[in-house]
Amino acid sequence: MTTREPAAKSRTWQARLAGGSALPMLAVLLALLVLWYAGTVWLNAPLVIDRYERAGQAEWTAGQLVADTMAMDRPLLPAPHQILAELDKTVFEVAPNSRRSLVYHGWVTLSSALLGFAFGTLLGIVLAVGIVHLRTLERSLLPWIIASQTVPILAIAPMIIVVLGSLGFVGLVPKAIISAYLCFFPVTIGMVKGLTSPDPIHLDLVRTYSASTGQVFWKLRWPSSVVYLFASLKVAVALAIVGAIVGELPTGAQAGLGARLLSGSYYGQTVQIWAALVVAAVVAGLSVAAVGLAERLTLERMGGRP
Amino acid sequence: MVDVIDGKAQPVTQARASAPPAVEIRGLNLVFDAGDAPVTALADVDLSVARGDFVSLIGPSGCGKTTLLRVMADLERASSGTVRVNGVSPEAARLARAYGYVFQAPALYAWRSVLRNVTLPLEIMGLPRAERQERARRVLDLVNLGGFEGKFPWQLSGGMQQRVSIARALSFDPALLLMDEPFGALDEIIRDHLNEQLLRLWQRTGKTVIFVTHSIPEAVFLSTRIVVMSPRPGRIIDIIDSDLPAERTLDMRESAAFTAIAHRVRAGLKAGHSYDDA
Amino acid sequence: MTRPDLVLLLALLLGLAALALPLGDAHWTGWPLVLWLLALACAAALLFAPLRHGGRRGGVIPGPRPSGSGTPPHPTSAPLGRGEGLASPIAAAAMDAALALAGSLAGAAALYLLLVSGAAGIAASGLWIGLLALALLVWRALERGAALASRRKLPVLDIALPLLFGLWLLYLWQLFAEGFEIPVVLLPPPARIAAVLVTSLPVLGEDFVQTFVKSMVPGYVIGCGAGFLTGVLVDRVPFLQRGLLPIGNLVSALPIVGIAPIMVMWFGFDWPSKAAVVVIMTFFPMLVSTIAGLGALGRIERDLMRTYAASYGQTLRFARLQAALPFLFTALKVNSTLALIGAIVAEFFGTPIMGMGFRISASVGRMDIPLVWATIAMAALTGSAAYGGIALLERRLTFWHPSLRKVS
């Protein structure tokens, strides 16, 4: 960080706009939006025409048809502005602790996801430390952890929920367990990689200082694993949210984004489903971004390259 | 290559008179546009390389010797000035596959066997399979790698890998070889050995070689002409014609003639302030 | 002096203590006693093995020797001196490993026979102390095996060690579930799950066809194919590439399974809706990997193709697609798991009356937990097989990649 940096920054913002990804991203998003509207008309039009015919309305204009496809109650594909309106209604116009509020449902999902994320991360780190230090575990446990990646873990979700429910555990904890289960894998793998990432030269160096195993861990292995840790955490937090949502599906849970998806699909409330999906996407995006921010702050404090 | 004698009668001289020079550069400038601080990589470069010559470009890091080679290969475009390779523009020369380029790293494709790495350019040029294989085996023999056809690059030592890459450049028999510090990453003992082999190869095939290096002994040992360059901006300081005999051995490095040329090269580098700070 | 192996010592002491402690309705007679004494004998033999090898413990991690190695070596190994052949320590390590394995197997059989003959519950403290002793012995067996594996490359051990570990976990599960009579709803013993798996094979076979063959495979092929083709198509348009890459990365992190109810609405209850979910889930990881992979070729390797005046298609075919293969396989492997998850979870939103996801949610509803476990085992096998198949293909096609090289 020399004094030249601000100048360099001011020089490049236009260049960044032209050469960066903001502009292309915007263009792609815009194209998607246009496609979406086209899809709305295309998918919903048969329904609308069908309704016209049943109402005995023989004559209709194209403009009328397009307008009606975007104002249906239960469209096959709601127009983006319908979803936005639903979001506005359920996020801003309702008290956040109401059952009709998506803020409430989002929080229910997020809180169990975060709890599971914390558990899973802890478990993942502990396992990784064990694997790195005990050859026996590396040989016998690591293959299973890798194999566990190939198992559709989410399939267990309903059983965990029901079994724990029959024991009297309901609400947050069972969902958090599913999230934790999904989380621990990427953390373990990432941390094993990270903890073994120091060069042999560096390990030899601290060995010349006759450092203890603990000192090697805290002064060399742990700092070099931080980058890997955060990379896995980003994957893990996204998985935690998927886990929490799927955990809400099987028992017809009353709260959470998964419950909203399920009730939406029961009653054919497509707009409600899409709104819940958007909130889920926003929650996931924000969580990943929060981990990214934590990563940047940590690396800056550790004096790494930002 | 050890048993090669037949080609040493220098088939070089005959072609010289009529055909255009292998490379002809007049008033070349090259400016890299790096935001608000453009960098002059090459300034006012004039250079003519006759056919059959072995020309070394020598200078410290950042003197533009690699850039100059890349301009000849049409991997870099000149900002101003004229460049002619075999009498045509570098792009035309590239499209005509007029030169073989040997990079600093072997740049072998790990997924292809040694043989298939050497046949790669021939495949691109659309030669029939039988001829590809026949040629590849011939050039592999030329670099003493017969018998290694089925190996993969990562099963070979660094020196062998670089020999494969030279064989690959020779496979389509270009009259011009552009070599960018091909032995820079190798240890000195292997490098000496490969220098001897390269020299014999050049004598036997009569190709024009333009060779980038930062080793004075290497440049003096190999070259008929040595182009001394200096940095900031990259330019040519001196062009030295070597009067060493065509038949060269590693022992000659202790001879007075050799030392005299090396001394002149070092003097040129000094004049170009190459030793000021490192 | 050689440091005594504390783990084995403890195993031996606990094992002897188990003989004296109460066992509920069972007794240390007959086969259990014989097998248990055999296990203890193995532990004892291992404990004194260091003397046999002249202070060289089979399980010691290579590196600085403990001070014990300063003692004069055993007479038999003395003539060999420092530069002795590798055969003898390896043979000794192999013998240690075999001994520990035999001991732990005998001990496991002994305890299981005890359990079957009536030792169960809290009353059988001898059983559980014995289990603790056995755990230490198993740990030693794994450790000896790992030591052997690190001394000599034996492919058998790479499979045998995890297998032993997995069997040990299954055994513990079985013993606890039976010994404490844990309700089947909570945790059925593995033997029971295996039995259910076998008896309901016809049903599970139908589920397999519905979920794997009809939903997952077509969705996977279409999704990965479309992602790959899109990646190759946008390769020539850097503008689109720069726009799609961050969006693809973002979408890959989103809970896409949530799209399942929409797909069920669009494509109906049967497999097309599941396949559609799989297509969407696998598309973006493949797109992102294709774009990243096509950019993976080094600069010199790219310049090389330029010096040959190779066309765009030739560069793609001869160099860039090859260099992209490892990336493509990473996506293919990740996607194989994602696809199965997508196909199963999508079935939670409505299916005809078959499919693994349907079987799980229906059996959970009827509290038929063993069948749920059997279905999960089936899904796990399917997932592992799919993953393993792709990994094998990867090994064949990207044998040249540094992570897979076999330098000969």
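Two strands are taken to pair if DSSP finds at least two bridges between them. Strands (E, at least two residues) and helices (H or I, at least four) are DSSP runs, numbered from the N terminus. The model is predicted: local features need pLDDT of at least 70, side-chain atom pairs count only at pLDDT 80 or more, and totals for chains, interfaces and linings use all residues. Residues are numbered from 1 along each chain as its sequence is written, with chains lettered from A and ligands numbered from 1 in the order in which they are written.

Domain bounds come from an automatic or database domain assignment. In chain A, the assignment gives domain 1 (5-77) and domain 2 (102-301), and the C-alpha centres of these two domains of chain A are 35 Å apart. Chain C is divided into domain 1 (6-71 + 86-182) and domain 2 (197-397). Over C-alpha atoms, the centres of domain 1 and domain 2 of chain C are separated by 43 Å.

Chain B contains an open sheet of six strands in the order β5-β6-β7-β3-β8-β9, with mixed pairing. Strands β5 (99-102) and β9 (235-241) of chain B are at the edges; each has a single partner strand, so one side of each lacks a neighbour in the sheet. On average, and with direction ignored, neighbouring strands of this sheet are turned by 15 degrees against each other. Such angles run from 0 to 180 degrees between N-to-C directions, with axes fitted as lines to C-alpha atoms, for helices over the stretch in contact.

Four bridges link β5(B) in the parallel sense to strand β6 (residues 176-180) of chain B, and B:Y99 has B:L176 of β6(B) as its bridge partner. Helix α6 (residues 158-170) of chain B packs on the sheet, where it touches β5 and β6 of chain B, and its direction makes about 165 degrees with that of β5(B). Contact between two residues means that their C-beta atoms, placed from the backbone, lie within 7 Å.

Strands β6(B) and β7(B) run parallel and are joined by five bridges; B:L177 is partnered with B:V209 of β7(B).

Six of the six residues of strand β7 (residues 208-213) of chain B are buried, that is, have 20 or more other C-beta atoms within 10 Å of their own, with C-beta atoms placed from the backbone. In a regular strand, side chains alternate between the two faces of the sheet. In β7(B), B:T208, B:I210 and B:V212 point one way, and B:V209, B:F211 and B:T213 the other.

The contact between chains B and C takes 18 residues from chain B and 17 residues from chain C. On the side of chain B, α3 (90-95) and α4 (114-124) each supply at least two residues, and the largest share, three residues, comes from α4(B).

In chain C, eight of the ten residues of helix α13 (residues 356-365) are buried, so this helix is largely enclosed by the rest of the structure. Among the buried residues of α13(C) are C:F358, C:R359 and C:I360. The buried residues of this helix pack against α8 (157-166) of chain A and against α7 (201-234), α12 (312-347) and α14 (369-397) of chain C.

How values were computed. A residue is buried if 20 or more other C-beta atoms lie within 10 Å of its own, exposed if 12 or fewer, and partly exposed in between; C-beta atoms are placed from the backbone.
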